[in-house]
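I opened the model today to look up a few local and overall features. My entries follow.

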Amino acid sequence: MMIKLAFNTLLLLLFIPFCSFAQEISLKSDNKYLEENFTWAVQKANTWKMTGKSGEINRHEGGEGLGYKAEVKFIPSYWAGYAHRSAYYIRDFVHQIDGAHLVGMDEENFAMMEKFAEYTTEDKKWYSWWALNFDGSVFTLDAPNPPGIGTYQGYPSDFVNKPGESFVREIPAMFELVEKAWKSYLWTGDRRYIEDEKLWRMYEKVVTDFVSLHDSDGNGIPEGQGDIFQGSSTYNEADIHPLEAGDAIGSQYQAYLAYAAFLSERNLKQQAKEQEKNAAALKDYFNTNWSVVEVTNLYASATTSSHEKYPFFNKETSWFMPMKLLTEPGPRNEAYLDFISEELGDGVGTANAKKGSPANIEAYTYLPDTYFPYGRVDEAWKWMKYIIDEKEKPHYVTKQGNNGNYPEVSFTLVSQVVEGLMGIEPNAAELTISTIPRLPAEIQYLALSNLKIGEHTIEVYQSKNKTEITNSASSSPLTCNIRFYGEHKHMFANGKKTKAKTAMLNGKIYSFISVQLNPGEKVVATL
């Protein structure tokens with residue numbers, strides 16, 4: 001009896017520290033403005049976690065919607081969309097997914113992704129539902145007239161569908177689901193992203209049947225049918241309702257690359273090469289034909305319903321093209337990034353607001369992701385600061401309260417510090433981390449603790465000319481690709497002079513060394 005009691009006590013002692021005192025990601029910096037707002041963002045993002053809770057479904061600004069229920073148990077999930085709607089949306093979810101991993105919501109990411117995959121069905125021509133309740137059922141506000149004659153979870157049993165197929169759908173979202181499933185795999189190494197059949201069906205159908213079913217002119221690009229309830233080609237819901245749009249093409253390009261990578265993980269090498277060729281062909285077609293307009297060197301961002309090229313600024317339709325790395329690095333791309341900056345000014349509400357300045361804060365959350373990949377640090381940091389400075393101001397949709405109460409703001413601030421300012425790229429399956437510091441003059445150093453990449457817990461310190469990485473908790477070695485912009489023949493690793501290699505990253509040269517860290521080891525790399 002005493003032995004059994006002691007054993008049970010030992011189990012309890014072993015269990016409690018792991019579950020109750022697990023530490024969350026944290027940041028230290030000489031820039032206290034950023035440090036404090038990173039802490040706010042981590043804490044705020046965690047308030048949106050719905051896992052283990054119960055509550056309303058099909059509640060929106062109009063009150064109790066079709067299929068409303070007051071007390072329903074929720075699946076692992078978090079809020080991604082308007083806070084006055086009891087739902088999570090594809091578009092918000094895919095943009096929040098990296099931040100969600102970083103604050104510890106891997107189970108939520110997988111459960112939400114799997115639900116969207118489950119609802120990606122042939123009767124909807126391989127669209128998924130645009131929004132889901134926190135129990136995983138369809139959010140009926142955005143799907144008032146579902147296609148087909150089947151029964152849809154979330155609708156009352158006596159529901160009679162009206163004629164027609166009116167439900168919200170936007171082409172870029174389906175491609176982003178595939179892209180971000182791969183990104184989640186890179187962060188976690190979770191084999192469910194490779195082996196789950198619901199997910200695999202979505203990957204395959206989105207890059208094949210979805211494209212062909214929505215491509216009437218045979219150029220390989222799906223077309224929109226009008227507004228969001230008819231089927232939009234773009235995330236810009238308010239303006240020209242184009243036939244084809246740059247944000248959809250950029251997202252399609254990344255989906256091809258992601259599916260190729262998934263195929264490689266299943267050792268389907270030939271199929272992977274075919275998808276890589278599809279991606280390369282799409283990018284080439286975009287840069288040499290689709291986006292070319294004779295009267296300007298700028299990119300066309302869309303084609304109109306009358307099949308005319310649209311060479312003007314169109315918010316998401318425009319900035320998604322470089323953000324998704326669809327545009328070819330070089331003078332034309334740099335000029336287009338300048339053009340986007342000019343059209344945005346300093347943002348809505350500032351003295352230098354422009355006609356192109358979006359009214360909604362969530363649009364701005366994409367801009368750091370647009371400029372960081374090209375090493376345009378000052379512009380990316382400018383928009384991070386703008387978002388932070390706007391978070392206490394009223395949201396464009398008054399029911400949201402302030403801007404900081406829109407979930408995307410907190411999740412993307414976390415990911416943009418880690419992936420943007422610190423240039424961290426994970427590959428959990430290959431036990432690898434890559435880094436490249438992108439620090440503006442206002443930030444001298446960043447020190448990140450409790451970063452999770454697969455089974456590894458890592459600490460990363462960066463200044464302009466120094467990177468420190470500690471493999472602080474794991475059972476396996478970690479390969480660190482430590483990168484700095486510029487051409488450098490040598491670096492120093494723990495004081496030892498080491499020959500550096502060079503490569504290109506989105507048009508900019510960088511130098512790097514690779515170091516393998518055993519559990520508990522640390523590397524200090526300097527120029």
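I looked up His 214 and found it buried, since its relative accessible area is 10%. Buried means under 20% relative accessible area, exposed over 50%, and partly exposed in between (1.4 Å probe, protein chains only). This is a predicted model, where local features need pLDDT of at least 70, side-chain atom pairs count only at pLDDT 80 or more, and totals for chains, interfaces and linings use all residues. Residues are numbered from 1 along each chain as its sequence is written, and side-chain values use heavy atoms, with hydrogens and water left out.

I placed His 214 in the loop between helix 8 (209-213) and strand 6 (244-245). Helices (H or I, at least four residues) and strands (E, at least two) are DSSP runs, numbered from the N terminus. I then listed the contacts of His 214, leaving aside neighbours within four places in sequence: Lys 125, Tyr 127, Ile 221, Pro 222 and Glu 223. Contact means heavy atoms within 4.5 Å.

Next I checked helix 15. How many residues of helix 15 are buried? I got 10 of 14, so helix 15 is mostly covered. Among the buried ones are Trp 381, Trp 383, Met 384 and Tyr 386. Glu 379 and Glu 390 are buried too. The buried residues pack against helix 2 (32-47), helix 12 (331-344), helix 13 (361-364), helix 14 (367-371) and helix 16 (407-421).

I also looked at backbone phi. Lys 315 has phi near 55 degrees, a positive value in a residue other than glycine. Lys 315 sits in the loop between strand 8 (309-310) and helix 11 (316-323). Leu 325 also has positive phi, near 60 degrees. Leu 325 lies in the loop between helix 11 and helix 12. I noted Leu 325 as partly exposed, because its relative accessibility is 26%.

Last, the whole chain. I counted 16 helices and 19 strands. The C-alpha trace spans about 75 × 70 × 55 Å along its principal axes. Of the 527 residues, 57% count as buried.
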